[in-house]
Amino acid sequence: MSPELLDSILEGRRSQPHQLIEVLHDVQEHYGYISEDAMKTISNDLGVPLIEIYGVASFYKAFSLKPRGKNVITMCTGTACHVRGAKPLLNQATSQLGVQPGETTQDGLFTIEKVNCLGACAFGPIVTENGDYHHDMSPGKLRKLIKSLHPTRTEETSHD
Amino acid sequence: MLQYVNMKIDGGDFRATKGSSVLDVAIEYGICIPHLCHVPNLSEIGACRLCIVEHVVNGRSKVTTSCTLLVKEGMVIRSNTEKIKKLRRNIAELLVAQAPNSRAIQDIAVRCGVKEVRYPFRNENCVLCGRCVRVCSELFGAKAIGFVGRGKDRRVEPPFGVLSDLCKHCGTCIDLCPMTFNPCEGYMKSGEEHLCGKCESQMLLADNLPESCVWCELGEGFQCSRY
């Protein structure tokens with residue numbers, strides 16, 4: 001990761017501890033995850049103890065401490081989505097990609113995330129792909145979505 | 001100059017220093033409110049919930065932790081009603097199910113009147129009281145450990161799980177930890193955890209004087225504030 005980018009994120013926010021979450025959001029967005037080195041730099045520049053940053057970064061689902069895949073598939077498993085069938089969706093994604101929620105595929109293309117609510121309960125079940133919301137999902141739609149993101153691999157593993 | 005307020009605890013009138021918590025006042029006047037996460041001179045986080053009391057406002061009572069409740073003029077507190085005793089017993093039961101391998105927690109369970117544990121034993125080695133975290137960050141300013149994760153994954157850890165140079169190995173976190181004393185009979189392996197309850201004789205006097213500190217020995221394991 002380039003120090004210049006982190007520098008530009010921190011620009012104008014130095015020594016302002018209350019900017020911590022904003023900075024972490026930007027780092028997450030630009031690097032895909034929050035690395036140890038990034039946390040140490042942020043700790044120095046914002047004047048926030050390292051343990052506090054680690055605590056915040058590990059507390060929120062929005063932040064990842066491990067590198068994430070190119071495509072992040074986020075499944076909502078909140079109450080409304082659960083009732084409308086989030087479980088088959090999760091099964092579809094895990095079996096199609098062969099990884100568990102929170103893990104990244106070997107080729108680094110996909111990460112499956114499980115969250116408790118995405119705030120769009122009326123349109124459930126919701127799946128987001130790199131931040132784009134897909135409403136009223138079904139296992140079939142999800143299969144096509146994942147396929148469209150990575151056609152070659154899914155053709156080999158798809159059985160129908 | 002110190003400012004004082006007048007308040008009632010269990011019907012008795014007390015004069016308390018403004019700015020102190022209800023638990024501080026109770027300890028000062030020898031009223032026994034069981035507590036675990038409270039350490040003098042550290043901030044209160046109300047983590048263990050053992051020090052719950054009833055706070056009566058306009059004739060209606062609210063249950064809240066006395067360590068985070070600051071004294072106010074004309075405040076009415078009930079620390080030992082049937083409702084509180086029942087709630088406190090349940091909290092102590094949950095604590096002992098979480099971490100049976102601690103003399104401090106076994107003792108607290110006896111003090112709160114736990115007779116049986118209805119929950120499955122987890123045998124964890126932490127109850128997340130936060131004593132170590134607070135003493136590290138507040139008293140020493142080292143900030144070498146802290147709470148990480150959330151919900152059922154919450155735990156105490158140094159940054160990235162590796163002890164860094166921030167830790168000066170002062171050992172105060174270990175001194176304050178309620179988990180460092182094993183029960184008198186030794187470590188309970190998983191599968192053979194049980195409520196110890198051997199110290200129930202300590203309760204002979206306490207049962208008759210439920211609201212006052214009778215200098216029982218049950219607080220030794222966690223530095224009960226009378227020591």
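The centres of domain 1 of chain A and domain 2 of chain A, taken over C-alpha atoms, are separated by 29 Å. This is a predicted model, in which local features need pLDDT of at least 70, side-chain atom pairs count only at pLDDT 80 or more, and totals for chains, interfaces and linings use all residues. Residues are numbered from 1 along each chain as its sequence is written, chains are lettered from A and ligands numbered from 1 in the order in which they are written, and side-chain values use heavy atoms, with hydrogens and water left out.

### Domains

In chain A, domain 1 covers 3–59 and domain 2 covers 71–157; the bounds come from an automatic or database domain assignment. Chain B is likewise divided, into domain 1 (1–126 + 184–227) and domain 2 (131–176). A distance of 24 Å lies between the C-alpha centres of domain 1 of chain B and domain 2 of chain B.

### Interfaces

Contact means heavy atoms within 4.5 Å. Buried area is the accessible area (1.4 Å probe) that two parts lose on being put together, summed over both.

Between the chains, twelve residues from chain B and eleven residues from chain A take part in the contact. About 1,000 Å² is buried between chain B and chain A, and carbon and sulfur atoms give 74% of that area. The interface of chain B and chain A has zero salt bridges, a salt bridge being a side-chain nitrogen of Lys or Arg within 4 Å of a carboxyl oxygen of Asp or Glu. Three residue pairs (both at pLDDT 80 or more) are in polar contact across the interface of chain B and chain A. A polar contact is a pair of N or O atoms within 3.5 Å; within protein, one must be able to donate a hydrogen and the other to accept it, and residues adjacent in sequence count only if both atoms are side-chain atoms. On the side of chain B that touches chain A, strand β6 (residues 146–148) of chain B gives the most, with three residues. Helices (H or I, at least four residues) and strands (E, at least two) are DSSP runs, numbered from the N terminus. By class, this side of chain B has six nonpolar, three polar and three charged residues. Ala, Val, Leu, Ile, Met, Phe, Trp, Tyr, Cys and Pro count as nonpolar, Asp, Glu, Lys and Arg as charged, and the others, Gly among them, as polar.

Within chain B, eleven residues of domain 1 are in contact with eight residues of domain 2. The area buried between these domains of chain B is about 820 Å², with 51% from carbon and sulfur atoms. Zero salt bridges are counted between domain 1 of chain B and domain 2 of chain B, while five residue pairs (both at pLDDT 80 or more) are in polar contact there. The side of domain 1 of chain B that touches domain 2 of chain B has seven nonpolar, three polar and one charged residues.

### Helix α4 of chain A

Seven of the ten residues of helix α4 (residues 50–59) of chain A are buried, that is, under 20% relative accessible area, whereas exposed means over 50% and partly exposed in between (1.4 Å probe, protein chains only). The buried residues are A:Leu50, A:Ile51, A:Ile53, A:Tyr54, A:Gly55, A:Val56 and A:Ala57. They pack against α2 (20–31) and α3 (36–46) of chain A, together with β6 and β7 (155–157) of chain B.

### Salt bridges

Over all chains, the count comes to twelve salt bridges. Three of them are tabulated.

| Salt bridge | Closest N and O atoms |
|---|---|
| A:Arg14 with A:Asp7 | 3.1 Å |
| A:Arg14 with A:Asp45 | 2.9 Å |
| B:Arg103 with B:Asp107 | 3.8 Å |

B:Arg103 and B:Asp107 both belong to helix α3 (residues 103–111) of chain B and are four residues apart, about one turn of the helix. B:Asp107 is buried, at 5% relative accessibility. In chain A, salt bridges that share partners join A:Asp7, A:Glu11, A:Arg14 and A:Asp45 into one network.

### Surroundings of B:Leu23

B:Leu23 is found in helix α1 (residues 22–28) of chain B and counts as buried, at 0% relative accessibility. Neighbours within four places in sequence left aside, B:Leu23 is in contact with B:Ile33, B:His35, B:His38, B:Cys51, B:Ser66 and B:Cys67. From C-alpha to C-alpha, B:Leu23 and B:Val53 are 9.3 Å apart in space and 30 residues apart in sequence.
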